Amino acid sequence: LNRFIENKNSERMVGRKRFLLNEFSPSSAGGCPRAIYYGKFIESPEDPELLKVFLVGDILHDFFQKNILQGGEPESGMYVSIGKIHLRGRADYVKPDEIVELKTTAMIKFVENEPSEAHVRQLNLYLGMTQKERGRLIYIEKNTLKIAEHEIGYDPILFDETVQFFNDIFEHMENKTLPYRQ
């Protein structure tokens with residue numbers, strides 16, 4: 001099992017290049033600024049147990065992208081430059097009229113009624129990067145396959161706030177100062 005997981009993780013990393021200091025992933029929107037800062041300089045070791053969690057998420061993503069979602073493009077890469085920073089990411093599923101982000105969770109009860117703010121920020125960045133007006137967050141509970149869906153409309157103010165969040169982190173890098181902790 002461990003060899004299989006290592007191979008799957010290696011496959012997952014093929015074609016992914018390390019981010020430059022001024023490149024940020026929409027998936028880190030809403031994260032701790034200091035953790036994002038340190039992540040630019042320190043490569044974290046891979047925990048075999050954590051790789052198992054990622055594998056389950058990857059399997060569910062793949063299943064939904066191939067069997068449930070229709071009329072779009074899975075794992076659609078995008079890149080946009082805004083001032084000094086660049087946003088680079090891969091939306092889970094891009095349709096002509098919306099972007100769908102899939103999220104796996106251990107306990108859906110925490111996102112049934114309201115989506116995670118970090119996930120809304122991530123999806124909103126993808127919407128702004130593609131100039132789409134709407135998206136969907138689909139949460140999948142890992143052990144029951146129970147689903148919670150949330151439609152999200154593009155919010156230009158949230159987009160600008162999130163871009164500023166990354167600008168602030170990059171400014172700390174340029175000044176060699178630590179950003180605040182969250």
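Is Gln131 buried or exposed, and what is its relative accessibility? In this predicted model, Gln131 counts as exposed because its relative accessibility is 71%, above the cut-off of 50%. Gln131 lies in the loop that runs between α4 (117-130) and β5 (134-141). Its backbone has a positive phi of about 60°, although Gln131 is not a glycine.

A positive phi is also found at Glu75, where the angle is about 50° and the residue is again not a glycine. Glu75 belongs to strand β2, which spans residues 73-82. With a relative accessibility of 30%, Glu75 is classed as partly exposed, since that class covers values between the buried limit of 20% and the exposed limit of 50%.

Asn22 is located in the loop between α1 (2-13) and β1 (23-24). The relative accessible area of Asn22 is 17%, so the residue is buried; the cut-off for this class is under 20%. When residues up to four places away in sequence are not counted, Asn22 touches Lys84, Ile85, His86 and Phe170.

How values were computed. Residues are numbered from 1 along each chain as its sequence is written. This is a predicted model: local features need pLDDT of at least 70, side-chain atom pairs count only at pLDDT 80 or more; totals for chains, interfaces and linings use all residues. Side-chain values use heavy atoms; hydrogens and water are left out. Helices (H or I, at least four residues) and strands (E, at least two) are DSSP runs, numbered from the N terminus. Buried means under 20% relative accessible area, exposed over 50%, partly exposed in between (1.4 Å probe, protein chains only). Contact means heavy atoms within 4.5 Å.
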